[in-house]
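The points are numbered and can be read in any order.

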Amino acid sequence: MNNFGFYDKFVDRHVGPNEEEISKMLSAIGVSSLDELIDKTVPSSIRLKEKLQLDPPQSEFEFMNHLKQIAGKNKVFKNYIGLGYYPTITPGVVKRNILENPGWYTQYTPYQAEISQGRLEALLNFQTMIIDLTAMPIANASLLDETTAAAEAMTMFYSLRKTAKKNANVFWVSEEVFPQTIDVLKTRCEPLGIKLRIGNHKKLELTDDIYGILVQYPSADGEVYDYSDLFKQAEAKSILKAVAADLLSLALLTPPGEFGADVVLGSTQRFGVPIGYGGPHAAYFATRDEFKRQIPGRIIGVSVDSKGRRALRMALQTREQHIKREHATSNICTSQVLLAIMAGMYAVYHGPKGIKAIADRIHRLTSLLEQSLKSIGINQTNKNYFDTLKIELSSSDEVEKVKSEALKNEINFRYISEKEIGISLSEQTTINDVNQIVKIFSTALNRNINGRVNNAVQQIVNPKSLNRNSSFLTHPVFNSYYSETEMLRYIKGLEKKDLSLTTSMIPLGSCTMKLNASTEMFGISWPEFAELHPFAPLDQAEGYLQIFKELENDLAKMTGFNSVSLQPNSGAAGEYAGLMVIRAYHKSRGDNHRNVVLIPSSAHGTNPASAVMAGSKVVVVKCDDHGNIDAADLKTKAEQFKENLSALMVTYPSTHGVFEEAIIEACKIIHQNGGQVYMDGANLNAQLGLTSPGFIGADVCHLNLHKTFSIPHGGGGPGMGPIAVAKHLSPFLPGHPLVKVGGEKSITAVAAALWGSASVLIISYAYIKMMGAEGLTHATKAAILNANYIQAKLGKYYPVLYTGSNGFVAHEMILDCRQFKTSASVEVDDIAKRLMDYGFHAPTVSFPVPGTLMIEPTESESLYELDRFCDVMIAIRKEIEDVEKGISDKEDNPLKNSPHTLEDVVNDVWEHSYSREIAAFPNAQVRLNKFWPSVGRVNNAYGDRNLVCSCVPINEYIEETIK
């Protein structure tokens, strides 16, 4: 940059260590320069020969102006398209204090429950809201979107087939289900041997080969059907029933749980979550109690802590892919926690009266619109409806006239067919909007209006048989926070219970908890990005399309690949999409039999789960004593399964934190035996600018934008998992039923929206544009530096399990804590919980090796914070040594009793052999800035034995409050 450039460089704000600190760290590591460290860490055989070429980096100020120009290219029309996406009103207190608050969006998935009680309570509220509105006994804590929730229902039902249905393989779907849902079901069913049958539910013959059915409520075109008789017939034939339901409509309509549904699913987008051109939004999934061990995704449950106090945690984790691996029925890892919290808080904010009033107002405006259109001779065909009218005109010419007039008035309708128009109203619709819609039709079709419409409609038009009579949201949490002051304090009170990046570093291995810079986040709240409907005409989204094009090009360059699909909306979804693209490629060549996927034993659990979902057979490859893939075993198995080999799934650097030197040879072995190489992008943060998946020899890679490219984790979502592919795989990138995207031979959709969770792509776009090629490369080097500095400081206290040939680690490392179980009866969980007393989140516990801690500091942490963490780990090692020497009791010591709460420390009774000061204030830093865990160690077994997944009943709530 010349002398007139901005002083501030974003890379200097993003990367923690400055030049002086880097020198000190290099000295501690024992190398003379950063380049020397990289040369000794990253194998020369995989190093890029040329520097990464991207646009010059922009300052934060320059980028904000750049983004404003792009935003101006988007046209924010009024949208009445529907199809699962509706304008909504986000309460200001929720937008400001959750969506835009790093105290919420920089949290991690709540595996460490004791320092996650705030978001766990918020998610319990979400589950309770879903349970109440659907009238189902149990709900999970969100899924990725409505389409994938429907796919999870299909596969769950398949695994639940009763003996009488063990040979049934047909999943029947109403033709009135959203088209994007049907497309994703097509993608998911084929590899599993499930046949999709689509038809008219009024003509449905429940044959013996049908194991499950799915209907939409209200239907895609707006009609509200009574499915009770159909469901009774299905029940009699042991056919499971799923309902995709508009959650807001259930404030007025009979909930599916009351007419026999086995699963109710859908989106919570219209509960205060902006459309965002398709996402992210939290899907919901509710089911019967007997299916609680098969339900996909996370479930929040009520348990107790070590002192018997109420405590929340993630329940029934043995169902999840990281435990069941290839035996899992779902690969769900990331959900949509931040958006689920927003939706739950929308219900807390409005309460049952407010939710019902909003739904009632929408319905009455819809009824008013119908009457007004009928008064000028317009035919509306839906007999019963909630918010959507289906207009039938006499010709396609009339439809085109209405469309032209609507666009002149900056309005989007849904154009169902040549003669049919759909109009879906929303929370944002006003009486003036109804007048405008009527005027558009009257002008376009030359019909006379007799004055303005008014509020004449005073009754709900649907029959009583469809009306809801049961109560919902009766718990005090939904009936207590009417003023913004009280709502603000409730939200802030929950936030204070949780440790986030605003508190301290979160050194989770394989998670890349780096900085989510404020400037990167601003755009997601701008209406030019937040209010666009994903199925609006493309010429209204030119700003978004520019971002997508540039982001795809940049990601392709960084990965060394030809093409990118932005559709997969989580890392696990990216894995699945990549494998399905490989599957399509093999099939295009007549290699339908290629279904064996080789996966190293160290792989993340989503890998084998995704492979099975993609119709593959998993063969595990051994790892050697140094943490590398066993090359001989890989070669043997590649040759053994040569005729049926589909792919190798490999993470690089490995999950063991090592740059494996034989990776290029591994890729060659797979290619020589007819397979493709899928590279898991979980550790791409150690590759950027130094090497790339394409250069190494992979064919496809998914990218965790919520790791490497700065999208925040949000407490467990949102995430994004785009896939980058080599040229020969480009034709098979995912398509979509409503707009042409993907390759010429595209597989069907893998997510509801064309570009997945489009609005958060702005964050990664901002990160790349402000970092530039040199900045991204420096960040990679800094991530490797920080990890090796921690190894240098902690290696003498905790054995580092795996290193490269020169004794260095990649961007993360595994500390072996197994010996402490023998020497001091100290488990790795004791260390994890003791870290909370010092104000730190634990590293990744017991993955990929049981009894270990995997640490990834990222490039964003400063030397000060790294030293602070290392000092704490050294202090904990001294506490273990005190137990080993008999200075501390083996059972009654600060590790075994951690974490210590404020209530514990101020209690009149203190019966421990160590002081309160050692318990809660073990070092000087903690005394200056104490983070208090809100509960003691959570009893997971108790919670699973006594499963409660909703807010406690009112009488228990009152008793607890009195206590």
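Which kind of contact do the side chains of K821 and E827 meet in?

1. They meet in a salt bridge, with 3.7 Å from N to O. K821 counts as exposed, since its relative accessibility is 51% and the cut-off for exposed is over 50%. E827, at a relative accessible area of 34%, is partly exposed. The model is a predicted one, and the values here are computed from it.

2. Overall build. The chain has 963 residues, and its radius of gyration is 28 Å. A compact globule with that number of residues would have a value near 30 Å, so the chain agrees with the rule. Along the principal axes, the C-alpha atoms fill a box of roughly 90 × 70 × 70 Å. The secondary structure consists of 32 helices and 24 strands.

3. Of the 963 residues in the chain, 64% are buried. If contacts between residues at least 6 apart in sequence are taken, 76% of them join residues at least 24 apart.

4. R270 is buried, with a relative accessible area of 5%. D387 also counts as buried, because its relative accessibility is 3% and the cut-off is under 20%.

5. The side chains of E121 and K497 form a salt bridge of 3.9 Å, N to O. E121 belongs to helix α7 (residues 117-134) and K497 to the loop between α15 and α16, so this pair ties together parts that are 376 residues apart in sequence. The relative accessible area of E121 is 17%, which makes E121 buried. K497 is partly exposed, at 28%.

6. In the pair of Y158 and Y211, the ring centres are 5.3 Å apart and the planes are at 55°, so the pair is tilted. Y158 is part of helix α8 (residues 146-159), and Y211 is part of strand β5 (residues 210-217); the pair therefore ties together parts 53 residues apart in sequence. Y158 and Y211 are both buried.

7. Aromatic pairs, edge-to-face case. F921 and W932 make an edge-to-face pair, with 5.6 Å centre to centre and 90° between the planes. F921 lies in the loop between α29 (916-920) and α30 (924-928), and W932 lies in the loop between α30 and α31 (940-945), so the pair ties together parts that are 11 residues apart in sequence. F921 has a relative accessible area of 25% and is partly exposed. W932 is partly exposed as well, at 22%.

8. A ring cluster. Y277, W526, F529, Y544, F548 and W755 are linked into a cluster by ring pairs.

9. Charges over rings. The charged end of R188 sits over the ring of Y576, at 5.2 Å from the ring's centre. K403 lies over the face of Y415, and the distance to the ring centre is 5.2 Å.

10. Is N516 buried or exposed? N516 counts as buried, because its relative accessibility is 9% and buried means under 20%. N516 is placed in the loop between α15 (484-495) and α16 (518-521). A polar atom of the N516 side chain lies 2.9 Å from the backbone oxygen of S710. With neighbours within four places in sequence left aside, the contacts of N516 are Y105, T106, L501, M521, S710, I711 and P712.

Methods: Residues numbered from 1 in each chain as written. Predicted model: local features only at pLDDT ≥ 70, side-chain atom pairs only at ≥ 80, totals over all residues. Heavy atoms only, no water. Helix = DSSP H or I, 4+ residues; strand = E, 2+ residues; numbered from the N terminus. Buried < 20%, exposed > 50% of the residue type's maximum accessible area, 1.4 Å probe, protein only. Polar contact = N/O pair within 3.5 Å; in protein donor to acceptor, adjacent residues only side chain to side chain. Contact = heavy atoms within 4.5 Å. Phe/Tyr/Trp six-rings, centres within 6.5 Å; stacked < 30°, edge-to-face > 60°. Lys NZ or Arg CZ within 6 Å of the ring centre and 35° of its normal. Salt bridge = Lys/Arg side-chain N within 4 Å of Asp/Glu carboxyl O. Rg over C-alpha atoms; globule rule 2.2 N^0.38 Å.
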